[in-house]
Amino acid sequence: MKNLYKLEPAVISRIIKENPTTKTLYLKLKKQKDFDFLPGQFMQIGLPGFGEAPMSISSCPLKAKKFFTLSIRSVGRLTQKLNTLKKGELVYVRGPFGNGFPKSGNNLILIAGGCGFFPLKSVYDQYRDDKKKNMQVFWGCRDQKSLSFQRDLKKIKDKHQLNLILEKEKMLGFSDKPGFVTELLQKKELLAEPEVFVCGPDPMYKPVVKVLLAKKIKPKNIYFSLERRMHCGIGICQHCAIGSKYVCRDGPIFDYEFLKQVNYL
Amino acid sequence: MNKKKVRGFITELLKKGEVYAPVKKSGRILVEKIDKSEQINWSGKIPNNTFKSIVLPPKEELFSWKKGQKNINTIEPKQKKTFVLGINILDLQALALLEQVFEKDYYFQKRRQNIYYIGFTGGLVSDFRRYKVFHQKYEEDVLEHLIFDVFIEKQKNNNHLFFSGSEKGQRLLENNKIKDYENIEFAGLIPEEGADPRIEENKQAVLLNPNHPLWDELARICLGCGRCTLDCPTCFCFDQQDEKGGETIVKTRKWGSCLFPEFSKVAGGKKDLETIKKRLYFWYYHKFVRIADEYNYYGCVSCMRCFKTCPVAINIAKNLQKLKKAKKK
């Protein structure tokens, strides 16, 4: 019987400093060739003595056989420690866990708040070179200092539609004035009949939904990624229960209808 | 089979491994390790503590890691041969639920291989009356839908009937020269005709009443001490934690409680269940909605331990009645 709680070592093969508090760690497992994941799925990452925590995978699933990345913002003891590690050092992981985002049609809208872009980056990269796919990215962030993947912004903007807005400042070439992501959503014309994937802090979800529904997006096509405390990752420990489901096992991606039903939205 | 023979059987078990059974101690009945069959309390009363701690220890070690070492080592669960005696029907139902929940749990399953569940009743129908079971009805085929290895039924004339509920149980009886037993074929937790309709009734009562004034009433008096969750046989949530000790770090897991404020805390401090009111609803939801949805089974076996242990006497049976009445309005 497999011990599903067992963390396996993964070596850090590359580190990218995203901003003063966030790094993207490129990780390789011993059997990386056998690894596979869906965008939206997460890994439990840990360090002995520092516990473990769930982190969404931020890299392209098409590259899963070579590496995967976890983008880590220092908010607690574990993440602070992770962000001091050097290339070649080990972290410990298990997973992937969760359901991942569903398959989508030709029109896809990605809406992110802050670090919520991490799992959506995985979705974006999966479809980046798919000529049939039209993508719109909406991303709200506090300020330029807290933005990640700045090196990719221009490419996303040139290839697809990138709508970026910062709460505290404007950003030359990307956003004219400060504000919230909902303002951009209201202003822009949205792709027709799209699937919409949303990831960000909880308080963002209700206002985003309000705009999307007002713009006649079908509720059944809206999906959200949720963050919850987790200990087991396999639907036992109860910490992440939402209604009769578990964010770790049945999520972290849930559709509008379920979240409405459990009074989350 | 007479009482003497039953005692003889227990004496044999004591030679083969550890035996846990209900024991009377200063007016309370507690499940404890025993050394003599005379210690056992055969009253059939629900013990104050649960049987769950035997199969799901309050704290256990999962992994260890030594400084400088690459891999993390699994700490294999060391479970001596253990006989858990005198488990009443309600606690067997609770253990059956744990069996489902921990189906993929390495530690639980490994440990369970060496644990024998030995149920007991002094009369099933009367047990159901005596326990004041508030939300299930007695069915004659109750044993077919329980998970146990051996079951002992004491009849009115002091005769004892033996039943086996698993191959493991059968072997145990045969090896102890008990040939006169009936084998009960497990027919699944849920009877063929469907689950107890009260499971659905209770589910609706909680599901439809998240805004009932009851939750405010309870929130005003509940101390959030978590004693109900410790004494509940169907509470099984846990926390994992790394414990530092010199050169070795050990990952442990401990019983948790959804009534504690940190239960839902994520990095950065946000809590989904930030009030005691939300946490109480979450607890009832687990018992009556989530377990019902997931397993179509009892998430509360109506043992009333939570009421008995509660410092402010929160009565789950009465609360459920209130919610049911509200639903009917």
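Two residues are in contact if their C-beta atoms, placed from the backbone, lie within 7 Å. Keep that rule at hand for the tour.

**Before you start**

This is a predicted model, where local features need pLDDT of at least 70, side-chain atom pairs count only at pLDDT 80 or more, and totals for chains, interfaces and linings use all residues. Residues are numbered from 1 along each chain as its sequence is written, while chains are lettered from A and ligands numbered from 1 in the order in which they are written.

The model scores ipTM 0.91 and pTM 0.93. The average for chain B is 91, and 94% of the residues score at least 70. Confidence in chain B is highest in helix 8, at 97, and lowest in helix 5 (residues 124-130), at a mean of 62. Helices (H or I, at least four residues) and strands (E, at least two) are DSSP runs, numbered from the N terminus. Where pLDDT is low, the predicted coordinates should not be read in detail.

**Stop 1: chain A**

Select 8-97 for domain 1 of chain A, then 107-225 for domain 2. Such bounds come from an automatic or database domain assignment. The C-alpha centres of domain 1 and domain 2 of chain A are 24 Å apart. Here 15 residues of domain 1 of chain A are in contact with 14 residues of domain 2. On the domain 1 side, strand 1 (8-19) and strand 5 (68-73) of chain A are the elements that give two or more residues. That side divides into six nonpolar, seven polar and two charged residues. Ala, Val, Leu, Ile, Met, Phe, Trp, Tyr, Cys and Pro count as nonpolar; Asp, Glu, Lys and Arg as charged; the others, Gly among them, as polar.

**Stop 2: where the chains meet**

Show both chains. 29 residues of chain A touch 35 residues of chain B. Strand 4 (51-56) and strand 6 (90-97) of chain A are the elements giving two or more residues to the chain A side. By class, that side has 15 nonpolar, ten polar and four charged residues.

**Stop 3: the domains of chain B**

Select 3-54 + 77-194 for domain 1 of chain B, and 199-328 for domain 2. Their C-alpha centres lie 26 Å apart. Between them, 20 residues of domain 1 of chain B are in contact with 17 of domain 2. Now pick helix 3 (residues 89-101) of chain B: this helix gives the most to the domain 1 side, with eight residues.

**Stop 4: a sheet in chain B**

Which strand order does the open sheet of four strands in chain B have? The order is 4-3-11-10, with antiparallel pairing. Two strands pair if DSSP finds at least two bridges between them. Strand 4 (73-74) and strand 10 (238-245) of chain B each have a single partner strand, so one side of each is left without a neighbour in the sheet. Next, select strand 3 (residues 59-66) and strand 11 (residues 248-255) of chain B, which pair over seven bridges. B:K59 has B:K254 as its bridge partner in strand 11.

**Stop 5: two helices of chain B**

Finish with helix 8 (residues 213-221) and helix 10 (residues 276-295) of chain B, whose axes are 9 Å apart. Show B:W215, B:D216, B:L218 and B:A219 of helix 8, then B:I276, B:K277, B:L280 and B:Y281 of helix 10: these residues make the contact. By class, this contact has six nonpolar, no polar and two charged residues.

Methods: Axes fitted to C-alpha atoms, helices over the stretch in contact; angles between N-to-C directions. pLDDT = per-residue confidence, 0-100.
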